[in-house]
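Reader: I would like to learn how to read a model of several chains with some care. Could you take me through one, feature by feature?

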Amino acid sequence: MIFLSQIINGLQIGSIYALVALGYSMVYGIVKLLNFAHGDIIMVGSYVLWFGLSRLGLAPWLSVIISITVCSALGMLIEKVAYKPLRNSPKISLLITAIGVSYLLQNLSQLIFTPNPRMLPNFFPGYVSIGGAQFAVVTIVTIAVSVVIMIGLSVMVKNTKMGKAMRAVSENSDVAQLMGINVNNTISFTFALGSGLVAVASVLYCCSYSQIEPTMGSMLGIKAFVAAVLGGIGSLPGAMLGGIIIGIFESLTKAYISSQLADAVVFGILIIVLLIRPSGILGKSIREKV
Amino acid sequence: MDRIKEKIGKTRYTYILNTLATILLFAVIYALINFGVLNRYQSLLLIPIGFNIILAVSLNLTAGYLGQLPLGHAGFMSVGGYASALFTLAVDLPPAVEFPLAILIAALSAAVFGVLIGLPALRLKGDYLAIITLGFGEIIRVIITNLKFTGGAYGLKGIEKHTTVTWVFICVTLTLFIVQTLMESRHGRAILSIREDEIASEASGISTTFYKVLAFTVSAALAGVAGALYAHYLSILDPNNFGFMKSTEILVMVVLGGLGSTFGSIVAAVVLTLLPEWLRSFSEYRMVVYALVLILVMIYRPSGLCGKYEFSLDRIISGEDEGLKKIKAIFHRKKSGKEEVGE
Amino acid sequence: MDPVLKIEHLGINFGGLQALDDFNIQVANNEIVGLIGPNGAGKTTVFNLITNVYPPSKGRIMIGQHETEGHATHEITQYGIARTFQNIRLFKDLTVIDNVKISLHNGMNYSLFEALFRLPRYWKQEKETERISFELLDVFGMRDNAYDMAGSLPYGAQRRLEIARALATYPQVLLLDEPAAGMNPSETAELMETIKRIRRDFNVAIILIEHDMNLVMGICDRILVLNYGLIIAQGTPDEIKSNPVVIEAYLGQQRSE
């Protein structure tokens, strides 16, 4: 029984990782950037939510919408201001810029909101019992929301015009441009979409963990990236799978071994998977042409 | 000058020149401290500047020269720090014997970890290598946090304060000497060739696996030395100070200075150690400013402050130095500009 | 005389595609062999298999007395195989002379310790390496470019530098992958002379992949024709020119279209 509830816990946090990982994977696929600032958007989303609820006294649904909008806009803005000028520079300069943006977001929020943690209410209180077992509503909601988003996203990427443009740009942006695809818009859209997903993740995170602070995004972001790499960068089902694997292993380690070792186990799994399958579980392997 | 060079041979000339310059630099630093030009606080800053130089220069060996991007440098630093601290806590020898031994132990233990981690990790490339080394770094941190003899999450306290400006100066000099002589040998060229094109390097008969692990290990060992200096400077080791934030901090120095330029790494290590100090008057804004500086430098100088420029005393004296020529050109332009205005 | 390179029943498939099958060849010392065929016929694959960039699915490769199976590319280079690449792979941000010196790596044997402390062997071998490097650059008329960045050279010079770099490993067999690609006729003619001179002065066998038929017919002792991963013809240049199967492979598809 404890085992089952730990699995469910794992699915819950795993779903949150997965939502963040989806954005990571999309952004990486399209600009080949390990976007360190992506995780910090979770923090921004959480603070916007908190601000809307407790400072402006807005309704939860409105705060959520505002949070998603702000994060999407911020994602686009960051890309335009900080990453776009470096599109033709060495990749590592881009990486350092991303680290810089991450520092900036964290420290700005410490300035504005102070380093003290803030509390947020759970929008989905209560428990339901399924087959005799008790589950928190928020757990069910979290898992359900991420499954729906994951399916919706896969359909979008496969079938819509924008989805096809995204795939084309991530395959080869020069050729995509020649085919008449607006590369800038596609990249902007990807950042907006990825950041929007992170905002959703931050809402779900706040509901389950209720406490937020300026540096909350960095470890969450890294684990989400680990999830994306584990599942296979560029693969949306991979990001989902990676997130869930990490969530479950983390929660089982916390329950049965030691909560302090959870991070080590997460990275241990990543190392083992990468050494066996360097392109991740569902990733395509790319062979350099000689 | 050229006549002297001819008489004693070019290489010997360079050696003598560099040795003299090193001694002179050391004398100047000592004079500045002893005559009170640098106050106690400022002279203590020389120590973090020193170990940051070692960290940046050693990371530049892998990130800049080998062209592989690791994000776990802080892990090697912590291995060196803990190994040396546990040693000095356990034995009771005179500092002049104890500390060099501790530094040696730090370098060796970090090197062992370098080999153990490098062998599997270096099979990956690019961002995957970054993330896997980040993983190893975090695992080291978590393990240290969970071990009894390392003091666990409370850290290791009461480490003797052996680190002095002199020791830092010696270690920095040795680091620069090792990196420099390594890079100017067949081994160094092999390392560079891997950065340029791994497949062509193999085809030229270079064992790329061996040289990748070699560069990674030397880099790790030097990070261990920095860890030893750090431990015996602060006298306390907290595992949380060796997280991936520390690793990115070191990487930032290297890239900001210019990947593949030891000189750039030194400049960036000095600047980035001092920058937060200069920004003290901004108090709470300083980290925001630090982040902005970082972003702006990358946008306007994507290849770093110094690009791939390397410093050579010999070139400067003989006036062949490109950096010097550029600076001269700037002054010259200004001067001639003024004259034109005057006319 | 024993062949310097002996390949038997070599084959590889990439995920179901048989890129090369039943490839056999014996190369004698000082021989120039041409490898021709339409794009995608598997020519470069042969080079990649010889140097073990991809491990073969089947077959056997002998370099002199050494079997290549299970050996890394750099070991195969030391057995006496050197190559150039279709899409030039120079060490672009290094100087011309350093490009050559890197290939002379195994000609030196001073240790890391000797390098760090600059012991006599370091000086002796580095000096010797420098001398040989300049000699090699002289062969290709590149002494004056020694301290230029390899990436800044004009295209033809980059191709020549790649050959110089390959020769610096003291090969018994030199694999040239489209050395004349992108060259104008006068550069190609010059290259032809250079290749002849290399064979004479360096006493190596050469396998040459090339689309420029004047070059191939002009210098090769014999020619192998590949199509869809199979050898469809081999013989002297004259035999190949008049071989109907070869004409079919090159022109057949066009005729039927």
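**Reading contacts, burial and chain shape**

Author: Let us begin with one residue and its surroundings: leaving out residues up to four places away in sequence, V79(B) touches S109(B), A110(B), F113(B) and I140(B). Please keep in mind throughout that this is a predicted model.

Reader: In which element does V79(B) lie, and is V79(B) buried or exposed?

Author: V79(B) sits in helix α4 of chain B, which runs over residues 73–90. Burial is judged by a cut-off, since a residue counts as buried when its relative accessible area is under 20%; V79(B) has 7% relative accessibility and therefore counts as buried.

Reader: Moving from the residue to its chain, how many helices and strands does chain B have, and how does its radius of gyration stand against the globule rule?

Author: Chain B has 15 helices and zero strands. The radius of gyration of chain B is 21 Å, close to the 20 Å that the globule rule gives for 343 residues, so chain B is as compact as a globular protein of that length. For its extent, the C-alpha trace of chain B spans about 75 × 60 × 50 Å along its principal axes.

Reader: Into which domains is chain B divided, and what distance lies between their C-alpha centres?

Author: Chain B is divided into domain 1, covering 39–243, and domain 2, covering 312–343, and the C-alpha centres of these two domains of chain B lie 39 Å apart.

Reader: What do the burial, contact and surface values say about chain B as a whole?

Author: Of the 343 residues of chain B, 54% count as buried. Among the contacts in chain B with a separation of 6 or more, 78% are between residues 24 or more positions apart. The accessible surface of chain B comes to about 15,300 Å², and carbon and sulfur atoms account for 67% of that surface.

Reader: Let us turn to chain A. Where in its secondary structure is L270(A), and what does L270(A) contact?

Author: L270(A) is found in helix α11 of chain A, residues 262–276. Once its neighbours within four places in sequence are set aside, L270(A) is in contact with V226(A), V229(A) and L230(A), and also with I131(B). With a relative accessibility of 0%, L270(A) counts as buried.

Reader: How does chain A read as a whole, in its secondary structure and in its radius of gyration?

Author: Chain A comes to 11 helices and four strands. Its radius of gyration is 19 Å, close to the 19 Å given by the globule rule for 290 residues, so chain A is as compact as a globular protein of that length. Of those 290 residues of chain A, 57% count as buried.

Reader: How are the positive and negative charges of chain A placed, and what are the corresponding values for chain B and chain C?

Author: One reads the number of each kind together with the distance between the two centres. Chain A has 17 positive and 8 negative charges, whose mean positions are 8 Å apart. In chain B there are 29 positive and 24 negative side chains, with the centres of the two sets 1 Å apart, while chain C has 24 positive and 32 negative side chains, with centres 3 Å apart.

Reader: What else can be read from chain C, in its secondary structure and its radius of gyration?

Author: The secondary structure of chain C comes to 10 helices and 10 strands. The radius of gyration of chain C is 19 Å, close to the 18 Å that the globule rule gives for 257 residues, so this chain too is as compact as a globular protein of its length. Carbon and sulfur atoms make up 51% of the accessible surface of chain C, which is about 11,400 Å².

Reader: Where in chain C is T95(C), and which residues does T95(C) touch?

Author: T95(C) lies in the loop between β6 (81–83) and α3 (96–103) of chain C. Not counting residues up to four places away in sequence, T95(C) touches A146(C), Y147(C), D148(C), M149(C) and A150(C).

Methods
Residues numbered from 1 in each chain as written. Chains lettered and ligands numbered in written order. Predicted model: local features only at pLDDT ≥ 70, side-chain atom pairs only at ≥ 80, totals over all residues. Heavy atoms only, no water. Domains from an automatic or database assignment. Helix = DSSP H or I, 4+ residues; strand = E, 2+ residues; numbered from the N terminus. Rg over C-alpha atoms; globule rule 2.2 N^0.38 Å. Buried < 20%, exposed > 50% of the residue type's maximum accessible area, 1.4 Å probe, protein only. Contact = heavy atoms within 4.5 Å. Areas by Shrake-Rupley, 256 points an atom, 1.4 Å probe, with all protein chains shown as cover. Lys, Arg positive; Asp, Glu negative; His and termini not counted. Charge placed at Lys NZ, Arg CZ, Asp CG, Glu CD.
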